[in-house]
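Subject: Handing over the structure

Dear colleague,

I am passing this structure on to you, and below it you will find what was found in it. Please read the notes alongside the model.

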Amino acid sequence: MENILVVENLKKYFPIKGGGAVKAVDGVSFSIRRGTAMGLVGESGCGKTTTGRMILRLSGEKTGGNVVFNGREIYSLSKSQLRHLRPKMQIIYQDPFSSLSPRMPVGEIITEAVREHKLVEKRALDGYIDTIMERCGLQPFHKNRYPHEFSGGQRQRICIARALALKPEFIVCDEPVSALDVSVQAQIINLLKELQRQENLTYLFISHDLSVVEHITDTVGVMYLGSLVEYAPTQKLFAKPLHPYTKALFSAIPIPDPAHKMQRVVLQGSLPSPADPPSGCKFHTRCPHAMDVCTQNHPAWLEVEPGHFCACHLYCK
């Protein structure tokens, strides 16, 4: 099966007291090929993390759409079927410290789920955990230490080891390097790429850092206010962004050349509320190219170039 994950028109609305709903994820569709990494980028509050959590069925029931993993719709699975599937789908959180129990030694943190799912025989468990830790840049003697005794980079390695120990096929990386120093970021990114090559892992890489996304991903989806506005292979998207929002995002990427004059696209206004999104194209209130049709009609999701999709009236014929 070529696509390990297919997301179709996924929606997640959170009801508001007194009526209405926050449309955190509003009709998102994409697929990820096995063994590749897809980036998901956009402003804070655009729905990236909620999308990742919905794919793993960690945020309650969906409002609409489908999430198909290895040919199975995960929201149709029973509790026992979902429990059997859990080890195959893992997550690495943004803040490694808050995602690790302060009362458990590192060895137990990594071992707990492996033991619970009976993935390794009891007599081989210690050796298996030692091997996983070494592959993630940790030493076996670290097993008896607690999370507060480690640096930020080491704590993120513990989180990666915890996910890898379950022999996953797919990992949601929710801004896994944003809380780390730049030098440590490079080490973690290289570790993730090496593990992907060795284990044929598939990643959904959620991030604000576009330079990191460009380095680690094969495809990229750009989200705005709960919806995808553009999707393309990484090189194609960075070389030729189509949507005005994507162009504005990319214009903010710093270039390490003092002689280079940046052509920054500054968006007017603030991000609208997902509880009351604008009619028509959600981006029209901030778009420098907005037309009358943008205020009335939602743009179609079109394949403007082979493999390059965009939702913008500038490309609707």
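The second largest pocket holds about 230 Å³ of space, where a pocket is, on a 1 Å grid over the protein atoms alone, an open set of points where a 1.4 Å probe fits, with protein on both sides within 12 Å along at least five of seven lines, and where a volume is the space filled by probe spheres set on the points, which are joined across faces, edges and corners. Its lining, meaning the residues with an atom within 4 Å of a point, consists of Asp26, Gly27, Val28, Ser29, Ser227, Leu228, Lys282, His298, Pro299, Ala300, Trp301 and Ala311. Strand S2 (21–33) and strand S10 (227–233) are the elements that give two or more residues to this lining, and S2 gives the most, with four residues. Helices and strands here are DSSP runs numbered from the N terminus, the helices (H or I) having at least four residues and the strands (E) at least two. By class, the lining of the second largest pocket has six nonpolar, four polar and two charged residues; Ala, Val, Leu, Ile, Met, Phe, Trp, Tyr, Cys and Pro count as nonpolar, Asp, Glu, Lys and Arg as charged, and the others, Gly among them, as polar.

Please keep in mind that this is a predicted model, in which local features need pLDDT of at least 70 and side-chain atom pairs count only at pLDDT 80 or more, while totals for chains, interfaces and linings use all residues. Residues are numbered from 1 along each chain as its sequence is written, and side-chain values use heavy atoms, with hydrogens and water left out.

Lys282, which lines the second largest pocket, is also touched by Pro277, as are Lys23 and Leu225, when residues up to four places away in sequence are not counted; contact means heavy atoms within 4.5 Å. Pro277 itself lies in the loop between helix H9 (244–250) and helix H10 (292–296). Although Pro277 and Val22 are 255 residues apart in sequence, they are 9.1 Å apart in space, C-alpha to C-alpha.

The largest pocket contains about 400 Å³ of space. Of the 18 residues that line this pocket, Gln90, Ile91, Ala113, Arg162 and Leu166 are the closest to its centre. Strand S6 (89–92), H3 and H5 each supply at least two residues of the lining, and H3 gives the most, with four residues. The lining of the largest pocket divides by class into eleven nonpolar, three polar and four charged residues.

The helices H3 and H5 also pack against each other: the axes of H3 (residues 106–116) and H5 (residues 152–164) come within 8 Å and cross at roughly 25 degrees, the axes being lines fitted to C-alpha atoms over the stretch in contact, with angles that run from 0 to 180 degrees between N-to-C directions. H3 and H5 are therefore roughly parallel to each other, a term for angles under 35 degrees. Their crossing is right-handed, meaning that the near helix is turned clockwise from the far one by less than a right angle. Val106, Ile109 and Ile110 of H3 and Ile158, Ala161 and Arg162 of H5 make the contact, and these residues divide into five nonpolar, no polar and one charged.

H3 also meets helix H4 (residues 125–135), with axes that come within 10 Å and cross at roughly 115 degrees, again in a right-handed crossing. In this contact, Val106, Ile110, Thr111, Val114 and Arg115 in H3 meet Leu125, Tyr128, Ile129 and Met133 in H4.

Finally, the axes of H5 and helix H6 (residues 182–199) come within 10 Å and cross at roughly 15 degrees, and H5 and H6 are therefore roughly parallel to each other.

With best wishes

Terms used: Parallel < 35°, antiparallel > 145°, perpendicular 65-115°, else oblique.
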